Amino acid sequence: MTNESTPATGSPAAPSGLFTYAPAPESRAVVDIAPSYGLFVDGEFREAADGGVMPTLSPATEEKLSEVAHAGAADVDAAVRAARTAFTGWSALPGAERAKYLFRIARIVQERSRELAVLETLDNGKPIKESRDADLPLVAAHFFYYAGWADKLDHAGFGPSPRPVGVAAQVIPWNFPLLMLAWKIAPALACGNTVVLKPAETTPLSALFFADICRQAGLPRGVVNILTGDGATGAALVAHDGVDKVAFTGSTAVGKEIARTVAGTSKRLTLELGGKGANIVFDDAPLDQAVEGIVNGVFFNQGQVCCAGSRLLVQESVHDELLTALQRRLRTLRVGDPLDKNTDVGAINSAEQLARITELAESGEAEGAERWSAPCELPSRGYWFAPTLFLGVSQAHRVAREEIFGPVLSVLTFRTPEEAVAKANNTPYGLSAGVWTEKGSRILAVAERLRAGVVWANTFNKFDPTSPFGGYRESGFGREGGRHGLEAYLEH
Amino acid sequence: MSTDRVNVLKTYKLYVGGKFPRSESGRVYEVTDSKGNWLANAPRSSRKDARDAVVAARKAFPGWSGATAYNRGQVLYRVAEMLEGRREQFAAEVAAAEGLSRAKAAAQVDAAIDRWVWYAGWSDKVAQIAGGANPVAGPYFNLSTPEPTGVVAVLAPAGSSLLGLVSVVAPVIVTGNTAVVVADEAAPLPALSLAEVLATSDVPGGVVNVLAGSAAELGAPLAAHQDVNAVDLAATASDTGLATELEVAAADNLKRVLRPAPAGDWTADPGTGRMLAFLETKTVWHPTGGLGAAGSSY
């Protein structure tokens, strides 16, 4: 153990018996975080009407990064009015002109991606490797993709001259703060809508930096409004009478509440909610590749991914061989300082989320599943949870049924393809699934019978702006990405 | 002394799982024509009938959704063929139900037959307009395909007892969904007779289940049912209170909800909206790998 340079967060812990890495921290100097931020309404930053503020912490150190305004009902009203006023001009702008603003945003995101990646890692706790190589490139790509749609909507299959819906209320989660912003704002603006977006309570900063990108891009005032706040802010936003369209990504419980709120109104609704994805490994699968896919499937972003492959379904005949390889691989995962470029697994986003993961993991033990973690030293401050397996899990266990949203994998077995499909579909969710086999026809046959919106064959957790993403059943409705992603933001 | 023959009247029954049961509740209600003359006693379905119909629809779903699109298209076309042979009967029933002249009722029946034909043709085309390959930035073949949502509860619209009914049922089933249909309470007879057509058109039992009764009474258990995937609230066009109540109940398992539209002209071009409302998009990622011995990354 030589890498103890920053005891506060801990560098990636090198498990005993493995070679160690020198710390390779990314510099924080590229990002300048102000001591406080206001709400971004009608093109200007302003304090909350009632002066409310709330802190935002680094989950890796519990250090206070900044203080942001806490928007209340009056601020929601002001933001929706600003968006409504801006809608007239923005929706009347030729698509080719709207496109150029979005292309500008895509380019500025690329230019500032190092800064934004560090910021995202500080506020969210995710490894810099992921914010740098996954989040930020996908953010820029998403704006670039939808920019190109803005002047081609007549050809998108929603009628000859589809119209924008109006003012979109968008509420996003903390697991991919800037990427979820991009998924919401890019298609909305391309279609001619204006937006009021509320970032998650624990990860407000990248959305506020995005407000600055809107300023640099010269985006007309009021087209994008950012309200920081908590669940009450979000509830007030989706309930506001001036909103025409609600888009939410987050938990299934909140999604149901929002569906009840908009019931009986003319508001359009799309929901991208929880999941309990099955990752199915057949006995002919390339096991080394499958191990990498399983690790990526459930430990990417600390498992705080709605489409995580959190249930491993492995064919009985290769269970022991696969688990041995998987456990060997988990011993090499480096957990610690998210800013260290060697880190594989960063911090859990909040104390609240850590408590939820801890409680569900304890239920797994209490219900009789066997808990296993690789030896790993966790930093003394911040919110941490070691990558964990549960072996011998039955379908009745809570760790097999409930979304954990953390680095916890439940391992179940099957004998026949029919049993694998039945177990994979035995959930109220239906967001993602994985299939690992060398046999092409089996991939297609299994994928066809899985009730899930995204199926990865011999891969996992791949995303692309051209590729529609969204759930079946209680994982929500509507699709984000691709041509399909336009539908939510067009009247037709 | 008259020698006029005494008509054989029809006992109108429900259509559930391919069979024609009475309501388990034993209830019936009087159905009259637009002038108030008695037409028949229709079964008044209960919550239990609704639940039985959901079970039948769920049981039929794997087979119907797994059938080839060509097969489903032929079955829907067969419905049109069977209906064509019974135009006179349906024209009489629609005329009585809606107070139309025979000519106008016949036009409704013809439009309903043509609508079956129109939707039949969609079975093997909708995937080509709603799905497709996505050009992702990586070595993957990425394909999006529409799939049926599952069991759909359809509260049929008021005021168009056959054409309106067909216009909401055909788009649900052509893509592979199965349906529990609540007929217009005031004019259920064409719907109950349509069930006889479905039963003789190779539509597998349980794919369409037809209930008669109150949309409010049956809508509540269907909207709250945990094994129903979607609900079409067409019947609630003039009752926003009921529409809201059912949409709230539907949120409990996040059913897809098609909200009622203001009463419109059912003869207009229906467009693809009613089909697309009950489809899910599945996207599958396949690595394309490489041809060389170097193999592929996962």
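**Exercise 1. Two packed helices**

Find the handedness of the crossing of H2(A) and H6(A), then describe how these helices are placed.

*Solution.* Keep in mind that this is a predicted model.

Step 1: The crossing of H2(A) and H6(A) is right-handed.

Step 2: Locate the partners: helix H2 covers residues 95-111 of chain A, and helix H6 covers residues 205-217 of chain A. Two packed helices are described by the angle between their axes and the distance between the axes. Here the angle is about 125 degrees, and the axes are 9 Å apart.

Step 3: Look for the residues that make the contact. H2(A) contributes A:Tyr101, A:Arg104, A:Ile105, A:Ile108 and A:Val109, while H6(A) contributes A:Ile213, A:Gln216 and A:Ala217.

**Exercise 2. A sheet built from both chains**

Give the strand order of the open sheet of 10 strands, and find its edges.

*Solution.* Step 1: Read across the sheet: E14(A)-E15(A)-E16(A)-E13(A)-E12(A)-E17(A)-E18(A)-E10(B)-E4(B)-E3(B), with mixed pairing.

Step 1: The edge strands are E14 (370-373) of chain A and E3 (132-134) of chain B, each of which pairs on one side only.

Step 2: Direction ignored, neighbouring strands of this sheet are turned against each other by 25 degrees on average.

Step 3: Zoom in on one pair. Strand E12 (residues 278-281) and strand E17 (residues 432-436), both of chain A, are parallel and share four bridges. One example is A:Ile280, whose bridge partner in E17(A) is A:Val435.

Step 4: Helix H9 (residues 287-299) of chain A touches E12, E13 (311-315), E16 (408-414) and E17 of chain A, and its direction makes about 170 degrees with that of E17(A).

**Exercise 3. Where the chains meet**

Which element supplies the largest share of the side of chain B that touches chain A?

*Solution.* Step 1: Start with the totals: 28 residues of chain B are in contact with 36 residues of chain A.

Step 1: List elements of chain B that each supply at least two residues to this side: strand E4 (140-148), helix H9 (240-250) and strand E10 (279-287).

Step 2: The largest share, eight residues, comes from E10(B).

**Exercise 4. A sheet within chain B**

Describe the open sheet of five strands in chain B.

*Solution.* Step 1: The order is E7-E6-E5-E8-E9, with parallel pairing.

Step 1: E7 (208-211) and E9 (256-258) of chain B are the edge strands, and the twist averages 15 degrees from one strand to the next.

Step 2: E8 (residues 230-232) of chain B is joined to E9(B) by three bridges; in one of them, B:Val231 has B:Val257 as its partner.

How values were computed:
Residues are numbered from 1 along each chain as its sequence is written. Chains are lettered from A and ligands numbered from 1 in the order in which they are written. This is a predicted model: local features need pLDDT of at least 70, side-chain atom pairs count only at pLDDT 80 or more; totals for chains, interfaces and linings use all residues. Two strands pair if DSSP finds at least two bridges between them. Axes are lines fitted to C-alpha atoms, for helices over the stretch in contact, and angles run from 0 to 180 degrees between N-to-C directions. A crossing is left-handed if the near helix is turned anticlockwise from the far one by less than a right angle, and right-handed if clockwise. Two residues are in contact if their C-beta atoms, placed from the backbone, lie within 7 Å.
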